[in-house]
Amino acid sequence: MDWGMRNRLSKIIRPETGRTVMLAVDHGYFLGPTTGLEEPGKTVAPLLPYADTLMLTRGVLRACVDPRMNVPVVLRVSGGTSILGNLADEGTTVSMKDSLRLNVAGVALSVFVGSQLEKQTLLALANIVNEAEEFGVPVLAVTAVGKDMVRDSRYLGLACRIAAELGAHVVKTYYCDDFESVVKNCPVPIVIAGGKKIPEREAIELSYNAVSRGAAGVDMGRNIFQSEHPVSMIRTVREVVHNNMKPDKAWDLFNALAREEGKKAHKKDKTAVA
Ligand code: 5RP
């Protein structure tokens with residue numbers, strides 16, 4: 001693996017712990033104005049100090065994120081469909097040249113194993129890997145998005161392994177029972193998506209279960225930015241991911257941080273009114 005590739009990978013997965021907290025805010029590329037991301041710049045700004053990597057689209061990056069920020073970007077480079085159409089019918093949306101111009105640490109695209117369009121999306125992954133290898137850019141393959149998939153270890157194991165075989169450097173999937181076997185059968189690091197918003201305590205447990213069973217971290221969106229206390233949530237998830245904080249302790253930490261976050265927001269509201 002060349003220097004550039006290793007350097008970029010080390011910006012995505014922290015070498016100190018071998019783990020990462022990726023903040024995913026790319027949902028709008030097929031969901032449109034997702035709850036919590038109506039103004040992505042405002043959502044992201046207070047979370048950035050606690051994110052190892054920011055995952056988003058070219059449009060939101062350029063329009064809403066301060067280019068002076070220091071967080072490495074994993075750019076979503078697939079899309080072209082919406083929640084109203086056939087999600088699997090994605091194409092590549094950003095050239096490698098533009099990704100490099102945006103100074104990315106990596107690029108991400110979805111694969112839809114088991115859909116009628118699996119071949120199209122898997123070959124798109126292979127093509128992006130071919131191009132990305134030329135420039136030392138890691139590729140994150142996102143698996144199992146969509147309603148039709150049974151997210152069990154058999155399916156997720158299949159999707160992750162295929163993505164890795166085609167050259168993905170990191171794979172994103174969902175946590176499931178027997179997650180260890182998904183990890184064992186995938187030769188590259190796995191990060192988990194958080195999925196739909198669930199109570200904070202459950203999202204903390206999900207993160208803990210995933211990393212303690214072999215995930216290299218999380219690429220989490222809604223369970224952070226849709227929380228009433230998003231900064232407290234990302235800070236807590238960081239402790240779980242990088243310091244193996246157990247769920248009970250992490251839950252106490254979240255509550256303590258949330259009280260502080262609540263007080264600060266209250267003070268800010270009062271100042272705005274005065
Ligand atoms: C959608 C994505 C999202 O980034 C992913 O689902 C992570 O976000 P969440 O934690 O909200 O599920 O890749 O295709």
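Mentor: A polar contact is a pair of N or O atoms within 3.5 Å; within protein, one must be able to donate a hydrogen and the other to accept it, and residues adjacent in sequence count only if both atoms are side-chain atoms. The model here is predicted: local features need pLDDT of at least 70, side-chain atom pairs count only at pLDDT 80 or more, and totals for chains, interfaces and linings use all residues. Numbering runs from 1 along each chain as its sequence is written, and side-chain values use heavy atoms, leaving out hydrogens and water.

Trainee: Which residues come nearest to the ligand?

Mentor: A residue is near if one of its heavy atoms lies within 4 Å. There are 18 residues around the ligand, and Asp26, His27, Gly195, Gly221 and Arg222 come nearest. Histidine 27 places a polar side-chain atom 2.7 Å from a ligand oxygen. Glycine 221 uses a backbone N or O atom, 2.8 Å from an oxygen of the ligand. For arginine 222, a side-chain N or O atom lies 2.7 Å from a ligand oxygen.

Trainee: How much of the ligand's accessible area does the protein cover?

Mentor: On its own the ligand has 360 Å² of accessible area (Shrake-Rupley method, 1.4 Å probe). The protein covers 99% of that.

Trainee: Which helix and which strand each supply at least two residues of the shell?

Mentor: Helices are DSSP runs of H or I, at least four residues; strands are runs of E, at least two; both are numbered from the N terminus. Here they are helix H2 (28–31) and strand E10 (217–220).

Trainee: Where is aspartate 52 found?

Mentor: Look in the loop between helix H3 (40–44) and strand E2 (53–57). Another, at 2.7 Å, goes to the side chain of histidine 242.

Trainee: How many aromatic pairs does the structure hold?

Mentor: An aromatic pair is described by the distance of the centres and the angle of the planes. Phe, Tyr and Trp (six-membered ring) rings pair with centres within 6.5 Å; planes under 30 degrees apart are stacked, over 60 edge-to-face, the rest tilted. The structure holds three. One joins tyrosine 29 and phenylalanine 30: centres 5.0 Å apart, planes at 75 degrees, so edge-to-face. Tyrosine 29 is buried at 15%, and phenylalanine 30 is buried at 14%. Tyrosine 175 and phenylalanine 179 form a tilted pair, at 5.1 Å and 45 degrees.

Trainee: Is tyrosine 175 buried or partly exposed?

Mentor: Tyrosine 175 is partly exposed, at 21%. Phenylalanine 179 is buried, at 0%.

Key:
Buried means under 20% relative accessible area, exposed over 50%, partly exposed in between (1.4 Å probe, protein chains only).
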